[in-house]
Amino acid sequence: MKHVVIVSVVLLAACNNGSNSSDYDPNIVVPPKEVVAAPAIIPFNIISVYPHDTSAFTEGLQVYKGKLYEGTGLENESSLRITDIKTGRVEKKHFYTDPVIFGEGINVFKNKIYQLTWKNHVVYVFDEKNIDKPLKTLNWPYQGWGMTNNGTDLIVSDGTPLIYFVNPDDFSVKNSIQVKDDKGPVTYLNELEYIDGFIYANVFETNIIVKINPANGHVVGKIILPGIIQQYAPDFIANPEKVLNGIAWDSTTKKMYITGKKWPKLFEITIQ
C-alpha cells in the first residue's frame, strides 16, 4: 500500500498543477527552437601553388598592400613576418625573444598590426611600417586564436564557439556571437578572414573552412580541402600539429590564399 499511496499523491499533484488556471499566462510566448540549415558546400579552384616557409607554424595570415603578413606560433619560435607571396621569401621578421610567448592570429587594421598570443593574454600592437618593436601591448582575458576585422571592429576567436567583436583601441568586447551549424555549436575556430560580409574560419585539426554569417553565427557554407597538401607535396610528412591553418583574401584580385602549419606550399584559390 505504501507505493500505491505515493503514486496517488504524485498523480493528484500533477493533476492539480495541470488544472490550476492561475499558473497559465497567455502573454508568455515560448520562442521556437532555432533551426540552422545545413551549410552548403562551396566549390573552389586551385589557381597557383607557391613556396611557403616550412619554419612558419602559421597562426595568422593576411594579404596587405600586395604582401603576405603572417603570424607564427610555438614557444621559442613565434614571430610576425612580411613575406613575398610568389617566392615565399621572408622580407621582414619580428622574432619574440621571450621564450614563453606563443604567437597566434594577426590583423593589419587602420595602420596598425595586431598579434594575439595563445595563453599569454597579451596582444602586441605594431606600427604597420615598423615591426622591429611593438608600440604597445593590450590585455586579452581569453585564449587568443584567430583575428580579422569588418572595417569597424577587430573580430577574435578563442577556441570556443564564441566570436567576439572587439574595440581595437583597448580590446574591450563590444558584443559576441555563438557559431553553430545544423549539428550544434562549432568549436576550434582558428584563423579568421572577413570576406564580403562573412567570416571565414579554419576549423582546427580539420581540412574544413567554414563560412559564418556574423549576424546570427550560422555556418552557411563549407570549403572542404581533403588531402590538398599531400597532393602537391607528396614528400611532406604530416602530423597532428601540421594542419590546415591560414586564410588570406586579396580583395583586389578576389583570390584566397591558404596554407597550413609548417606547410611547404601556399595555395592561391578562387571560391564560388
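Select T206 first: at 25% relative accessibility this residue counts as partly exposed, where buried means under 20% relative accessible area, exposed over 50%, and partly exposed in between, with a 1.4 Å probe and protein chains only. T206 sits in the loop between β18 and β19; helices (H or I, at least four residues) and strands (E, at least two) are DSSP runs, numbered from the N terminus. From T206, draw a distance to I224: the two lie 18 residues apart in sequence and 9.0 Å apart in space, C-alpha to C-alpha.

The model is predicted, so that local features need pLDDT of at least 70 and side-chain atom pairs count only at pLDDT 80 or more, whereas totals for chains, interfaces and linings use all residues. Residues are numbered from 1 along each chain as its sequence is written, and side-chain values use heavy atoms, with hydrogens and water left out.

**The whole chain**

Display the entire chain next. Two helices and 23 strands are present, and 46% of the 272 residues count as buried. Among contacts (heavy atoms within 4.5 Å) between residues at least 6 apart in sequence, 51% join residues at least 24 apart.

**The five-stranded sheet**

Select β1, β20, β19, β18 and β17, which in that order make up an open sheet with mixed pairing; two strands pair if DSSP finds at least two bridges between them. At the edges stand β1 (40-41) and β17 (189-195), each with a single partner strand, so one side of each has no neighbour in the sheet.

Is β17 enclosed or left open by the rest of the structure? Six of its seven residues are buried, so β17 is largely enclosed. Five bridges join β17 to β18 (residues 198-203), and the two run antiparallel. Within this pair, Y194 stands opposite I199 in β18. The two strands form a hairpin with two residues between them, and D196 in the turn has a positive phi of about 50 degrees.

Move on to β19 (residues 208-212) and β20 (residues 219-224), an antiparallel pair with five bridges. I209 has I223 of β20 as its bridge partner. In the loop between β19 and β20, select H218. This residue is buried, with a relative accessible area of 13%. Beyond residues up to four places away in sequence, H218 touches E34, V35, V36, K180, K211, I212 and N213.

**The nonpolar cores**

A nonpolar core is a set of buried Ala, Val, Leu, Ile, Met, Phe, Trp, Tyr and Cys residues joined through side-chain atoms within 4.5 Å. Select Y200, I209, M256 and I258, which touch the most other members of the largest core, a set of 18 residues. At least two core residues come from each of α2 (228-232), β21 (244-250), β22 (255-260) and β23 (265-271). The largest share, three residues, is supplied by β21.

Centre the view on M256. Apart from neighbours within four places in sequence, M256 is in contact with I195, Y200, I223, I247, A248, W249, F267, E268, I269 and I271. A second, separate core of 14 residues has F165, V179, L192 and A201 among its members.

**The pockets**

On a 1 Å grid over the protein atoms alone, a pocket is an open set of points where a 1.4 Å probe fits, with protein on both sides within 12 Å along at least five of seven lines; lining residues have an atom within 4 Å of a point. The largest pocket holds about 250 Å³ of space. Of its 16 lining residues, select Q62, V63, N149, E193 and W249, the closest to the centre. Two or more lining residues come from each of β3 (58-64), β7 (103-109), β11 (147-149) and β17.

About 200 Å³ of space lies in the second largest pocket. To show its lining, select F57, E59, L74, F102, E104, W118, W145, N190, F204, E241 and K261.

**A last stop: D169**

Finish in the loop between β13 (162-166) and β14 (173-178), where D169 is located. At 56% relative accessibility, D169 counts as exposed. Leaving aside neighbours within four places in sequence, D169 is in contact with K136 and L138. The C-alpha atoms of D169 and L154, 15 residues apart along the chain, are separated by 9.7 Å.

Key. Points joined across faces, edges and corners; volume = space filled by probe spheres on them.
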